[in-house]
Amino acid sequence: DEIVGGHEAQPHSHPYMAYLKIGDFACGGFLVAPDWVMTAAHCLGNTTVILGAHDIDEPERTQQVRGVLEYHPHPEYNPMTKSNDILLLKARQTRGSTTLNDYVKTVPLPKTRSDLPTGTKCVIAGWGKIDDNRVTSKLFETKVSVYSRRKCIQFYPHLDTGMVCAGSFHELKDSSQGDSGGPLVCNKVAQGIVSFGYNAPPGVYARISNYLPWIRRTLRE
């Protein structure tokens, strides 16, 4: 899970980001409602959620640490093809609900099911490897653009309508993706979830707009 060619984010400039500790590995995630975190289904495991973090190795005052009460992976998630790679976590209410503030905010989800136009500029953020031998504990970010479905199928023949591709067009090393489970944010809306392909461009993301009915049902439960 790496962001290559990215740079350290301005602290707390992505206040929707969640760091998910899952046993001995980690994923990214993002806050979509006060007690709900969205991530990738392949990140399913016994999870601790850290909100409001910039440097996850420091006990920052801004951090809110939460357990998970409910796990809702998409019922049709396929670990082989990574189709429907989307998971909603309901955070446990310790001492009341998640406190929304300057460091912890939700990110809007798409309102319609329409496809993202090719070339849309987006940003990904995450904690993880900066390159092959350097791991960062601070949040990094990088800019990517949406690929056309036609171009992406050349890399990934099994691409389906629940997936969208993005990467950088200039340099290959620029296109590696953020932490698994982190959001693809375009025009301040979360449009994708880092799913696979982050070692070689372009990266493939679960396309959030494809899952709006399931998301709405799950959040209502």
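Analyst: A residue is termed buried under 20% relative accessible area, exposed over 50% and partly exposed in between (1.4 Å probe, protein chains only). The structure is a predicted model, in which local features need pLDDT of at least 70 and side-chain atom pairs count only at pLDDT 80 or more, while totals for chains, interfaces and linings use all residues. Residues are numbered from 1 along each chain as its sequence is written, and side-chain values use heavy atoms, with hydrogens and water left out.

User: Why is R149 called partly exposed?

Analyst: The relative accessibility of R149 is 28%. That value falls between the limits of 20% and 50%, so R149 counts as partly exposed.

User: What makes the contact of R149 with D115 a salt bridge?

Analyst: The term requires a side-chain nitrogen of Lys or Arg within 4 Å of a carboxyl oxygen of Asp or Glu. The N to O distance for R149 and D115 is 3.8 Å, and the pair therefore qualifies. R149 belongs to helix α1 (residues 149–155) and D115 to the loop between β8 and β9, so the bridge ties together parts 34 residues apart in sequence. Helices (H or I, at least four residues) and strands (E, at least two) are DSSP runs, numbered from the N terminus.

User: How do you know that D115 and R207 form a salt bridge, and which parts of the chain does the pair link?

Analyst: The side chains of D115 and R207 meet at 3.5 Å, N to O, which is within the limit, so this pair also counts. D115 is in the loop between β8 and β9 and R207 in strand β14 (residues 203–207), 92 residues apart.

User: What makes D35 and R66 a salt bridge?

Analyst: Their closest N and O atoms are 3.3 Å apart, within the cut-off, so the term applies. D35 lies in the loop between β3 (25–33) and β4 (36–39) and R66 in strand β6 (residues 64–66), so parts that are 31 residues apart in sequence are tied together. D35 is at 8% relative accessibility and R66 at 4%, so each counts as buried. The structure holds four salt bridges.

User: Why is T120 called buried, and with which residues is T120 in contact?

Analyst: T120 has 12% relative accessibility and so falls under the limit for a buried residue. T120 lies in the loop between β8 (87–91) and β9 (121–131). Neighbours within four places in sequence aside, T120 is in contact (heavy atoms within 4.5 Å) with V144, S145, V146, C186 and N187.

User: How many helices and strands does the protein chain have, and how much of the chain is buried?

Analyst: The chain has two helices and 14 strands, and 56% of its 221 residues are buried. Of the contacts between residues at least 6 apart in sequence, 66% join residues at least 24 apart.

User: Which residues line the largest cavity?

Analyst: The largest cavity is lined by H12, H14, P15, M17, G52, A53, Y103 and L139. The lining divides into five nonpolar, three polar and no charged residues; Ala, Val, Leu, Ile, Met, Phe, Trp, Tyr, Cys and Pro count as nonpolar, Asp, Glu, Lys and Arg as charged, and the others, Gly among them, as polar.

Note on methods: 1 Å grid on protein atoms, 1.4 Å probe; cavity = no way out; pocket = protein on both sides within 12 Å on 5 of 7 lines; lining within 4 Å.
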